[in-house]
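Start with the sequence and the model below.

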Amino acid sequence: MQRRPFLAGLCAAPFALTAPAIRAQGKLTPVKFTLDFRVTSQTSPFFLAQARGYYQAAGLDVSIDVGSGSVASITRVASGAYDLGLGDLSSLVEFQAQNDGASPVQAVYQYYNRAPFVIIGRKDRGITTDFASLQGKKVAAAAVESTRRCWPMVARQLGASPELFQWITTDFSARDNVMVRGDVDAATYFHDSAVSLFARMPPQDLAVLEYTKTGLSLYGNAILASSKLIAERPEVVRGFLAATQRALAETLADPEPALAAIKAREGILNLDVERQRWAITRGYLATPETQAHGLGRVQPDLLQRQIDEVATVFSLARKPAAGQVFNAALQPAAVKV
């Protein structure tokens, strides 16, 4: 009964401290934030923070744009087109390794405590929850997307060949269609994004192969910030994270206000579908790790293991340091959920 006020109270204290510093000049600071993909319940806490004025109270005028994938968000922030974004942590490791030690973008808050990467297959094609059942199958995926990019790490964990199956390059928007038509045997998804497929094919006819079930622990999409913003306006990042964490904790306690916020942004959304989506999302945001250490945190040993794995699988010429990939200096006080 007391959970919601307790969580809100924990978030409010650090949030309140950030606002005066940012608003010192009496006007809001414009902040451009890019999502990883479309507006859905997966990212509804950002819209709740916007709708309830948490960003504004922190002195920020935050604009939220849709994205084109959790890998593309990295380049959007690195290029300076966006101040902050939501992007894949493993892909960030690879990006930094390829940029000769330069770090134009860093992760500052771990949104998905575990990556919701799955391959979903048709049972009538012989696919089960055993990854070996993908042998020789056709698997649809976008050309550049994190679930596809991370498959070699799963193959390594399983002791299988990365060429276990054939990739069929498909646009994000066409993935459900090729599955329903039977053009492919399986497709990659963020687990919570698969509700669109579940609405068109009975879930009992599908096998969900979860990357996390292989024993491979991967942090997923994190909030990214440009290194320039971190260095020159740390109070902006601090205020954004405090306001976002406040909304995230509230959404984990009760998703309905956040669902209303995304419905106001995208009137065509089906809230019953979005409730199903959030039920899956929640399991990747709130985990035993967040219960022990708090939302947004990473554990150094797990982060280093992920960096080592990415460096090995992709034969990176250099390995970025954990502190280069993830900057936790501007996070608000921990909220354990």
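Glu 289 and Arg 114 form a salt bridge, with 3.0 Å between the closest N and O atoms. The pair links distant parts of the chain, 175 residues apart. Glu 289 sits in helix 14 (residues 288–293). Arg 114 lies in the loop between strand 4 (105–110) and strand 5 (117–122). Both Glu 289 and Arg 114 are buried.

The model is predicted. Across the whole structure, a search finds 16 salt bridges.

## Other charged pairs

Glu 235 and Arg 233 also meet through their side chains, in a salt bridge of 2.5 Å from N to O. Glu 235 counts as buried because its relative accessibility is 18%, under the 20% cut-off. Arg 233 has a relative accessible area of 30%, so it is partly exposed.

A network of salt bridges links Arg 52, Arg 246 and Glu 250.

## Helix 13

Helix 13 spans residues 271–285, 15 residues in total. From first C-alpha to last it reaches 20 Å, close to the 21 Å expected at 1.5 Å a residue. At its start, a side-chain oxygen of Asn 270 comes to within 2.9 Å of the backbone nitrogen of Asp 272.

Asp 272 also forms a salt bridge with Arg 275, the closest N and O atoms being 3.0 Å apart. The two residues are 3 apart in helix 13, so about one helical turn separates them. Arg 275 is partly exposed, at 35% relative accessibility. Buried residues of helix 13 include Glu 274, Arg 277, Trp 278 and Ile 280. Thr 281, Tyr 284 and Leu 285 are buried too.

Technical notes:
Residues are numbered from 1 along each chain as its sequence is written. This is a predicted model: local features need pLDDT of at least 70, side-chain atom pairs count only at pLDDT 80 or more; totals for chains, interfaces and linings use all residues. Side-chain values use heavy atoms; hydrogens and water are left out. Helices (H or I, at least four residues) and strands (E, at least two) are DSSP runs, numbered from the N terminus. The expected span of a helix is 1.5 Å times one less than its number of residues. Buried means under 20% relative accessible area, exposed over 50%, partly exposed in between (1.4 Å probe, protein chains only). A polar contact is a pair of N or O atoms within 3.5 Å; within protein, one must be able to donate a hydrogen and the other to accept it, and residues adjacent in sequence count only if both atoms are side-chain atoms. A salt bridge is a side-chain nitrogen of Lys or Arg within 4 Å of a carboxyl oxygen of Asp or Glu.
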